[in-house]
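Colleague: I've got the model open and would like to learn how to read its features one by one. Could you walk me through them?

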Amino acid sequence: MRRTAVIILIILVLIALCSSEISARGSLFEVRDVYWEEPLVLGAVNSLAVELKFLGESASLDLNATLKVFDVAGTTLESSSTYAGYIGSGGTIKLVFNLSIPENARSSYYIAKLELNYTAVSVSGFEEHEFQVGFLGEPSFSLELVDGTAVKGKLNTVRLRLEVYSTPARAVEIRVTSASPFITIVGTNIFNFGLMEVGDVKYINVTMMVDSTAGDSGAITVTISYADFQKNPQSTTVTLGFSIKTYSLPSFAAYVYPKTLISGKISDVVITLENIGAGLAREVFITLSPAGGGVGVLEGMSAYVSRLSPGGVYSFRALMRADRGFSGTTTLRLSVSYLDEGGDRRHVSLALSIEVARSDIPVLMIETPASPLTAGKECEIALRVRNVGGEEAQEVVIDFLSSENLFILRQSRCYFKVIRSGEALDIRVKAFISKAAGGAVVLNARLRYRDPYGNEFSDGLSIALRVESPPRPNLEVATLNNTIGANQLNRVIVAVRNNGPGRALNVTLALTSLSAEAASVVGSSSRCLGVLNPGSESYATYEVFVQPKVYGAIQLVAALSYEDELGKRYEKVFTLGFRVEGEHKLAVVQTYTKPSVVFPGDKLVRVYVVLANIGDYVARNLEVEFRGNAWIRPSTASSAGVLIPYLPVGQTFTALFLVDISEETPPGNHILELVSNNTKLAFQLTVLEKALFRAWNFTSLSVFPGARGAKVMLVVKNISNTTATEVRVDIFSPFLTGSTSTYVGEMRSQESRLVVFEVDVSTEAPLGTLPLEVRITWTQEGRKMHQTSTLVLEVYRKRSLLKEYGWIFLVFIIALIVILVLKNRERIAGILESFKG
């Protein structure tokens, strides 16, 4: 009992987790459109189409939908629809609901709720969507300007408010155009809103350019295109006016950076112009000139910017030089010419103050590397020359000189055109450090340079550099694959890694087998790997053939030799172990189905596939998955795979799969696949064409309650390309009795037959339209097949001649009596007189 309670508790927890996962995922569907398939007829059955947009990932989907329309003439209408099949992400699903509409349903729209129960990728869920369904009347719209003011010569954005009244509208599209030659719509002028319900409000932002010569008002034309739920397209046009106001003028402020120049030096100066006014400036021309002495503008005396919006900033560079003997404050003049928003040219002059300071001298120093140099080899010394003075150094020449145990190689002189104050430049010097060097060597350097004003400087430096012996390499061998197959040529990759701090030179690897009866290396066993840097790897690839019937493990010997940077040689031997195993291989021997003949539309077809192990090793716990195509798919997720627990070499295994054949499957041979361990196996499934019939009434299907011997004449046609035998046609209705079944026999492709039924109509048959089910059964390839369709039977009230034409007979008799009285009035008067006497 306790174990049973625990199991029940675990199941409840799993159900709760699945439910929470579905709810957290959000809605998978969105109502895209709703409309009547045909014009709405009150007092009859109408078809309402609901289009859903699938928001999830592509999946196989089973969908059950229930539509409820509330308070329709005091009742709630309900209908269901289903969908099953593959649906892509963003795809559209169309559901059709048949609703019986009361005659007194006079409202323009009703509230509907759509309940969706679905299963996608083995996960179930539930959703509800509420929307309005239009019945009678036409949608009406309210369109108004929220902000009805624009500014001349600017891009303006006006906001429109759109609201729906009366009844919901479909496929709503708003098109905005200019109603004035001085107004140009900029950007998007078409806005699509799709389905809009009564009370929905949409805001539309329209961007337009108002010409500077426009008047005080303007207008735009808005065309609203839409359709009602009867799919009737309509449109309406509205012209909206708004006021236009004038523009503001710009105002400018100027800044200079840096605010200080060095005397005798060419300086890079940034001039910034800012529009601090409320108006736009266009085609702005800027001219920079000195207003006082001691400073000259070498480059950047003028600049141009196409537009400068309010709050906008524009910067440009200028090269300026202060006289060597000048110091103090001087003034710059900035002349600005621009077009305002009305297109008029205006001019503004601004003054800028700048400080001039005296210059410094350059001082050069050389920085040494932090890492030590290696003795006994050629090395590259990384040095850095830095200007720590307050002025730039020009035409810098640096000579490096050899010293004891340090010899300069190749280039010993460096030249730099300019080294600015605070700037550091890298220098690479090739040198050889002898093996006799101790812990340090000395590098001598001579420097010559001048400042920008022609003053020359020279200096000599002695730089101490640390020296150490070269590190030693340490090589290890490992394999990337430890498993190889018997009776085949295997690719073996051997990795050689340098785990030491030094470089390894002339690395050579040789791989051999301890026993030729077990395995042999094919081709050359020696590989030259060259140089291995510290921490790096190199790979050698060999082909090793393992003899048949060799299982378990074998050993190969790897001999490794290499040298360090001082020429010392190292030799190592490694033993590499490999696991040897065979490999199973499946092949399709035979396929058959139950039923033995398959037609489009068949469900749960049993497909038997006989598999054989043609490999050289036993197969254990092998999973085989069936993958269908666009028409043939597994019936369920669990029926798409089988497990082969044990299959010896040469034995067979019969795998059973349950598949569904789509109605759209083309006849012929379909190549399908089985997948096992990323290996594909192909087999063939033959689908034959299924006979397809169409039935329609030959005469009018109209009867009255209580009719006897009424004839129902139908035309049945075989519209397929195959022959059907033993064809029988039956009609079904709870209000018809008599001859309701007819044997037709064989029908060839495109052959038609006239079928006549003589039936009696029940006196209880209701008036109006009744469904008449037509069922066609036949035999094809030994299988019994059937097809059902529905026709409409009209039941009318039987007319009574006495009731309809009795008043005519009564008028005729009265008229006849009046005529006889008038014709024999004298005789009648004599008779009356005789009675009086």
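Predicted model: local features only at pLDDT ≥ 70, side-chain atom pairs only at ≥ 80, totals over all residues.

Colleague: OK. How many salt bridges does a search of the whole structure find?

Modeller: It finds 25. Another one to click on is Arg317 with Asp268, whose side chains meet at 3.1 Å, N to O. That pair links distant parts of the chain: Arg317 belongs to strand E23 (residues 313–322), Asp268 to strand E19 (residues 266–275), and they are 49 residues apart. Arg317 is exposed, with 57% relative accessible area, while Asp268 is partly exposed at 40%.

Colleague: What about Lys784: which residue does it bridge to?

Modeller: Lys784 bridges to Glu726, with 2.9 Å between the closest N and O atoms. Lys784 is in strand E60 (residues 783–795) and Glu726 in strand E55 (residues 724–732), so parts that are 58 residues apart in sequence get tied together. Here Lys784 is exposed at 65% relative accessible area, and Glu726 is partly exposed at 39%. Bridges can also share partners: Glu144, Arg161 and Glu163 are joined into one network that way.

Colleague: On to rings. How should I read an aromatic pair?

Modeller: You describe a pair of aromatic rings by the distance of the centres and the angle of the planes. The whole structure has 15 such pairs. Take Tyr562 and Tyr570: their centres are 5.1 Å apart with 15 degrees between the planes, which makes the pair stacked. Both Tyr562 and Tyr570 are buried. For a cluster, look at Phe29, Phe54 and Tyr118, which form one together.

Colleague: Which charged residues lie over the face of a tyrosine ring?

Modeller: Arg159 lies over the face of Tyr203, 4.3 Å from the ring centre.

Colleague: Now for empty space. How do I find it?

Modeller: Rolling a probe the size of a water molecule over the atoms shows where empty space is left. Here the structure holds 1 cavity of 30 Å³ or more, and the largest cavity has about 40 Å³ of space. Its lining includes Phe135, Leu136, Pro168 and Asp228. By class, that lining counts 4 nonpolar, 4 polar and 1 charged residues.

Colleague: And what volume does the largest pocket have?

Modeller: About 860 Å³. The largest pocket has 28 lining residues, and Ser60, Arg633, Pro634, Ser635 and Asp660 are the ones nearest its centre. Elements giving two or more residues to that lining include strand E3 (59–72), strand E4 (75–87) and strand E49 (652–661). By class, the pocket lining splits into 11 nonpolar, 9 polar and 8 charged residues.

Colleague: Last topic, the backbone. Which peptide bonds to proline are cis?

Modeller: Look at the bond from Tyr257 to Pro258, which is cis with omega near -5 degrees. Pro258 is in the loop between strand E17 (252–257) and strand E18 (260–262). The bond from Lys594 to Pro595 is cis as well, with omega near 0 degrees, and Pro595 falls in the loop between strand E44 (586–594) and strand E45 (605–613).

Colleague: Where does Ser166 lie, and what is its phi?

Modeller: Ser166 has a positive phi of about 70 degrees, although it is not a glycine. You'll find Ser166 in the loop between strand E10 (155–165) and strand E11 (169–178), partly exposed at 38% relative accessible area. Glu781 is another non-glycine with a positive phi, about 55 degrees. Glu781 occupies the loop between strand E59 (768–780) and E60, and is exposed at 54% relative accessible area.

Terms used
Residues numbered from 1 in each chain as written. Heavy atoms only, no water. Phe/Tyr/Trp six-rings, centres within 6.5 Å; stacked < 30°, edge-to-face > 60°. Buried < 20%, exposed > 50% of the residue type's maximum accessible area, 1.4 Å probe, protein only. Lys NZ or Arg CZ within 6 Å of the ring centre and 35° of its normal. 1 Å grid on protein atoms, 1.4 Å probe; cavity = no way out; pocket = protein on both sides within 12 Å on 5 of 7 lines; lining within 4 Å. Points joined across faces, edges and corners; volume = space filled by probe spheres on them. Nonpolar A, V, L, I, M, F, W, Y, C, P; charged D, E, K, R; others polar. Salt bridge = Lys/Arg side-chain N within 4 Å of Asp/Glu carboxyl O. Helix = DSSP H or I, 4+ residues; strand = E, 2+ residues; numbered from the N terminus.
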